[in-house]
Amino acid sequence: MIKSLKTYHFLIFAIIVIANSCMSSSNNQSESTRERLSLNDEWSFYKYNKEQTPDHLIYDIRPEVVEGEEYLIADAKPTEAQQLITRSDVLKPWILPTANEFINDTSMHYIRPEGNPGKDFPFVHNDFDDCNWLKVNLPHDWAINGPFYEDANPIVGGGMGRLPVHGVAWYRKKVHIPASYSGKSIYLEIDGAMAYAMVWVNGKIAGGWPYGYNSWRLDLTPYLDFGRENQLAVRIDNPNNSSRWYPGAGIYRNVWLTKTNPVQLGHWGTRIVARNVSESSATLDLEVKIENKSDYNAEVEIKTEVFEILPSNNKSRKAVVDFPVQNVELNAHSGAIENFSVEISNPNLWGPKPQQTPNLYVAVTSLVQNKKVVDQYETKFGIRNIEFSPDSGLIINDEKIKIQGVNLHHDLGALGAAFNKKAARRQLEKLQEMGCNAIRIAHNPPAPEFLELTDEMGFLVVNEIFDSWQRKKTPLDFHLIFKDWAEADLRSFVRRDRNHPSVIMWSFGNEVGEQYTAAEGAALAQKLNAIIKEEDSTRPTTLSMNFAKPDMDFPTVADIIGLNYQGEGIRQEPEFEGTDRIRTAPQYAAFHEKFPDKMIFSSETASAFSSRGIYLFPVAENTSSIVRDGRGGDSNIAQVSSYELYAVDFGASADKVFSMQDQHPYVAGEFVWTGWDHLGEPTPYYSARSSYCGIFDLAGFPKDRYYLYQSRWRPDLPMVHILPHWNWAEREGLVTPVHVFTSGDEAELFLNGVSQGRKRKQPLQYRLRWDNVKYYPGELKVIAYKNGEKWAENTARTVGEPKKLIAETDQNVIESNGHDLLFVTVKIVDNEGLTVPLSNNLIRFTVDNPGEIVATDNGDATDFTPFISTKRNAFNGLCLVIVKAKKGLRGKFTLKAESDGLEPASVLIKSR
């Protein structure tokens with residue numbers, strides 16, 4: 001039905017089910033109902049190199065960037081935008097009409113100018129020969145393969161990951177549209193493209209979207225030649241100095257082609273809300289948007305059936321309830337919104353794991369015209385009741401749920417920003433094992449599939465948009481397009497995600513500069529807040545505030561108080577007196593007193609630093625310390641000690657955060673900054689490639705901090721963890737503090753069988769410390785107790801020299817669909833199979849057909865080896881290799897890991 005110019009094979013429209021307002025068609029109605037095809041495969045890609053001057057097809061002019069403007073201090077005060085005068089030759093007037101669907105006041109809609117900019121540019125033409133361009137599949141991040149910029153004054157600094165994210169690039173693809181599709185509506189849907197995407201179809205500019213994180217669509221129908229090959233050309237322009245973290249580059253999420261009849265359900269056109277929820281019943285309210293894009297009036301019938309989603313992720317064979325059927329008359333080129341309600345008995349409630357079960361339903365909405373289904377749309381949803389109590393925190397389905405959350409940026413480590421559902425699931429599974437039950441999306445809308453996972457796996461989500469408004473943090477960030485695009489970005493963000501039960505609140509600004517502008521900033525916040533409420537009045541809003549205080553205007557706007565670091569206090573150490581940095585006394589009590597009717601939570605806590613397996617001396621005597629040379633940090637090697645006591649200047653250790661939360665029990669919980677190391681933003685060492693603040697390192701290996709959080713968040717799990725490792729030949733006879741994290745309440749430590757004492761946790765104490773232990777080789781052993789009974793035990797032994805490699809994976813079967821991944825951990829071990837903690841041997845990876853090595857990593861923030869390299873040094877005993885099977889090829893293949901002087905390791909993998 002749709003034919004690729006390269007293969008001349010006919011492609012079949014897949015029946016796709018997506019977690020939020022998803023589209024599908026039944027087998028016997030595939031010609032008449034909605035169909036959705038992945039357009040991810042076989043694109044031609046070209047990026048201008050640094051010696052070339054890119055084409056003149058720019059969205060808008062930008063300010064000149066002064067060297068040295070990298071945003072090195074994470075909580076620096078945002079500054080006023082530079083005033084610019086646009087030019088007549090920019091393409092913005094042709095792109096802005098794409099936003100009209102999300103601008104409520106039709107008098108403010110943008111009118112497309114006459115003309116067709118770019119029509120003479122070769123890349124947009126059907127007959128342009130792109131055979132020498134790189135062939136890529138989407139999602140695609142053009143920067144992740146490197147190389148890294150390693151010099152002291154890099155083109156792209158540490159903040160954006162020292163990778164070549166910047167530049168202008170083009171994607172081209174030919175698609176055959178059958179003649180039988182004439183009279184249908186054909187849409188191009190792009191889940192995310194970084195950034196300033198502009199699309200040409202058969203040489204005609206069709207539209208675009210500048211904000212790289214939002215999902216958007218274009219109506220291609222007016223530009224298509226039915227029965228012929230059609231040329232898609234997408235221009236991407238990703239400027240340097242546009243982000244505080246690694247943004248990725250290119251079309252880094254999925255792309256779809258959707259066909260509908262002219263009489264159709266609207267874009268993200270269903271909304272389901274559950275009210276009066278109990279275990280015995282709930283009322284479901286359904287809103288359906290329908291459109292008639294034909295030249296004739298139409299009478300349609302709207303039918304919606306509700307099915308259970310089974311553990312297999314399939315829907316039940318029988319509907320559990322039907323909404324009333326409604327007949328609607330639509331004039332030509334008009335639309336309507338219809339509302340329905342129905343009561344469901346004994347609903348299976350959605351709730352967060354592990355306390356509750358994330359049960360899901362799917363509503364199948366059909367448009368029937370002349371007794372024939374002309375469109376069908378599936379909407380997954382959950383039924384739950386949420387209260388946001390200022391005194392008790394979060395209450396879900398009548399049960400108090402403490403928020404045990406983390407912040408996540410959107411990159412997937414060695415895979416970059418190119419979204420991969422398997423990699424995202426791996427992140428969430430590891431976080432869930434730690435006891436995490438909530439994710440704050442920092443600081444942008446996620447891939448749609450990410451929220452599918454949080455719905456299915458039972459996570460709570462604070463869904464966030466905007467790291468800046470009108471005031472800038474970096475010279476070329478979102479502030480440049482805020483005035484034109486804020487409403488459209490906000491409405492599309494909420495409209496896409498409002499059916500996800502995992503989303504519990506909307507955050508519409510992270511540490512924005514308008515905190516500093518008193519009533520003016522609050523007025524802008526109120527305007528944005530009102531837009532969200534128009535789209536979804538059922539969820540509360542929040543703003544993440546690192547500066548605004550209770551007596552200011554800014555905190556009055558949002559429904560919920562979100563504090564970044566203010567609960568623990570910011571820079572209270574004497575050494576910060578007299579500086580121009582933010583200094584704040586602990587604020588939980590002050591906000592609670594000023595806003596007694598608002599729930600308070602910490603949207604960012606900790607920002608603690610560590611490098612997995614690195615331990616530096618001396619060890620801080622207090623429970624939280626800033627990082628300096630000799631105080632947990634070493635700028636010569638750009639690493640931070642893993643005693644897990646050290647944090648950014650404005651942050652705090654986990655211990656300090658726990659203490660403040662326990663002293664203020666009305667606080668609903670926390671989102672740790674961060675769950676996972678991310679590319680870019682490498683405070684405190686901008687000479688590095690990636691951050692130090694994750695509980696997991698970039699490769700997904702847990703740091704010691706993992707066990708500290710697990711000891712608090714999973715109190716019923718018998719566990720005890722010892723740090724540091726016990727290989728310190730150079731410290732024999734020297735004091736080498738030993739710290740223990742346990743879910744027990746006391747523990748006894750032994751060195752070579754000799755007790756070092758039994759200690760009990762005191763109030764507001766979250767670790768046990770033996771700070772006077774002198775190092776002697778042998779065995780550390782700890783026995784933890786709870787309520788006087790033995791609870792758990794663990795050992796740390798002095799290990800021998802590296803002898804062999806061990807390869808471990810949690811599965812040995814992989815799907816040959818081109819995007820399923822296998823994550824293999826390689827350990828360097830001694831003769832007894834114990835990991836050698838200081839080993840950094842070079843490891844070489846090979847794989848035979850039909851396998852393919854995708855990337856390698858080791859979690860070292862200072863390692864500039866390209867991620868695509870098949871050779872990588874281990875970092876403190878560990879290395880990661882990511883493999884996949886070549887698309888469509890089945891069979892067995894072997895991954896081998898080799899290192900000079902060590903016994904090799906291998907893994908046999910089956911591709912199916």
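Helices here are DSSP runs of H or I with at least four residues, strands are runs of E with at least two, and both are numbered from the N terminus. The model is a predicted one, in which local features need pLDDT of at least 70 and side-chain atom pairs count only at pLDDT 80 or more, while totals for chains, interfaces and linings use all residues. Residues are numbered from 1 along each chain as its sequence is written, and side-chain values use heavy atoms, with hydrogens and water left out.

In helix 5, the buried residues are Gly521, Ala522, Leu524, Ala525, Leu528, Asn529, Ile531, Ile532 and Glu535, where buried means under 20% relative accessible area, exposed means over 50% and partly exposed lies in between, with a 1.4 Å probe and protein chains only. The cover over these buried residues includes strand 14 (263-275), helix 4 (482-497), strand 28 (503-510) and strand 29 (541-545), with contact meaning heavy atoms within 4.5 Å.

## Helix 2 against helix 8

Helix 2 (residues 421-434) packs with helix 8 (residues 704-713) at an angle of about 55°, and their axes are 8 Å apart. Axes are lines fitted to C-alpha atoms, for helices over the stretch in contact, and angles run from 0 to 180 degrees between N-to-C directions. Helix 2 and helix 8 are therefore oblique to each other, since angles under 35 degrees count as roughly parallel, over 145 as roughly antiparallel, 65 to 115 as roughly perpendicular and the rest as oblique.

On the helix 2 side, Lys430, Glu433 and Met434 meet Tyr706, Tyr709, Gln710 and Trp713 of helix 8. By class, this contact has 4 nonpolar, 1 polar and 2 charged residues, with Ala, Val, Leu, Ile, Met, Phe, Trp, Tyr, Cys and Pro counted as nonpolar, Asp, Glu, Lys and Arg as charged, and the others, Gly among them, as polar. Helix 8 is mostly covered, with 8 of its 10 residues buried, namely Asp704, Arg705, Tyr706, Leu708, Tyr709, Gln710, Ser711 and Trp713.

## Valine 672

Valine 672 lies in strand 37 (residues 669-673) and is buried, with a relative accessible area of 0%. When its neighbours within four places in sequence are left aside, valine 672 is in contact with Gly405, Val406, Asn407, Thr605, Ala606, Ile695, Tyr709 and Trp713. Valine 672 and glycine 157 are 515 residues apart in sequence, and their C-alpha atoms are 25 Å apart in space.

Glycine 458, with a positive phi near 85°, follows helix 3.

Lysine 594, in helix 6 (residues 588-594), is partly exposed, with a relative accessible area of 48%. Between lysine 594 and threonine 454 there are 140 residues in sequence and 34 Å in space, C-alpha to C-alpha.

## Backbone exceptions

Most residues other than glycine have a negative phi, and most peptide bonds are trans. Tyrosine 196, in the loop between strand 8 (185-190) and strand 9 (197-201), has a positive phi near 50° and is buried at 9% relative accessible area. Glutamate 644 has a positive phi of about 60°; this residue sits in the loop between strand 35 (639-640) and strand 36 (646-647) and is buried, with a relative accessible area of 2%.

The peptide bond from glycine 146 to proline 147 is cis, with omega near 5°, and proline 147 belongs to the loop between strand 6 (134-136) and strand 7 (167-177). Asparagine 849 and proline 850 are likewise joined by a cis peptide bond, with omega about 5°, and proline 850 is in the loop between strand 48 (842-847) and strand 49 (851-857).

## Cysteines

The count of disulfides comes to 0, a disulfide being a pair of cysteine sulfur atoms within 2.5 Å. Cysteine 131 is partly exposed, with a relative accessible area of 45%, whereas cysteine 879 is buried at 0%.
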